[in-house]
Amino acid sequence: MKGDRVEIVIDVGGEGTRTYEVVATRAGRRVEITNRRGVVEVSEVTRTGGPVRTARFMASRVLALVEHPVLDEQGHRPRDPR
């Protein structure tokens, strides 16, 4: 859903941490997270499943993945248009 976002907190060693954010920028897009073979992928995808942009991180460096879904006025998640 437009406005969905995921924050990714990464350990960068001696410097501390770094935070990245992937956001669904248009109506009908969503953010998906996959974890395969030691790599975490966070992707903004279209309604048909085509990736628009993808961020990849080594799983051993990921400290936190925080999902922020869009909520309506009553605090519920709107119906997905899929």
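Let me begin with Thr17, whose place is in strand β2; strands here are DSSP runs of E of at least two residues, helices are runs of H or I of at least four, and both are numbered from the N terminus. The structure is a predicted model, in which local features need pLDDT of at least 70, side-chain atom pairs count only at pLDDT 80 or more, and totals for chains, interfaces and linings use all residues. Residues are numbered from 1 along each chain as its sequence is written, and side-chain values use heavy atoms, with hydrogens and water left out.

Staying with Thr17, and leaving aside neighbours within four places in sequence, this residue is in contact with Val9, Ile10, Val12 and Leu63, where contact means heavy atoms within 4.5 Å. Thr17 and Arg61 are 44 residues apart along the chain, and their C-alpha atoms are separated by 9.6 Å.

I turn to the overall architecture. The chain holds zero helices and six strands, so its pattern along the sequence reads β-β-β-β-β-β. Strands β2, β1 and β6 form an open sheet of three strands in the order β2-β1-β6, with antiparallel pairing; two strands are taken to pair if DSSP finds at least two bridges between them. The edge strands, each pairing on one side only, are β2 (17–23) and β6 (62–68). From one strand to the next, the twist averages 15°, the axes being lines fitted to C-alpha atoms (for helices, over the stretch in contact) and the angles running from 0 to 180 degrees between N-to-C directions.

Within this sheet, strand β1 (residues 5–11) runs antiparallel to β6, and six bridges join the two. Val9 stands opposite Ala64 in β6.

The next pairing is that of β3 and β4, which is antiparallel and extends over seven bridges. These two strands form a hairpin with two residues between them, and Arg37 in the turn has a positive phi of about 50°. Arg30 stands opposite Val45 in β4.

Beyond its neighbours within four places in sequence, Val40 contacts residues including Ile33, Ala55, Phe57, Val62 and Leu65. Val40 and Ile8 are 32 residues apart in sequence and 9.9 Å apart in space, C-alpha to C-alpha.

Arg29 is found in the loop between β2 and β3 (30–36). Arg29 is also buried, with a relative accessible area of 16%. Its side chain is joined to that of Glu44 by a polar contact of 3.4 Å; such a contact is a pair of N or O atoms within 3.5 Å, where, within protein, one must be able to donate a hydrogen and the other to accept it, and residues adjacent in sequence count only if both atoms are side-chain atoms.

I close with values for the whole chain. Of its 82 residues, 26% are buried. Among contacts between residues at least 6 apart in sequence, 37% join residues at least 24 apart. The mean pLDDT is 84, and 84% of residues reach 70 or more; pLDDT is the predictor's confidence in each residue, from 0 to 100.

Technical notes: Buried means under 20% relative accessible area, exposed over 50%, partly exposed in between (1.4 Å probe, protein chains only).
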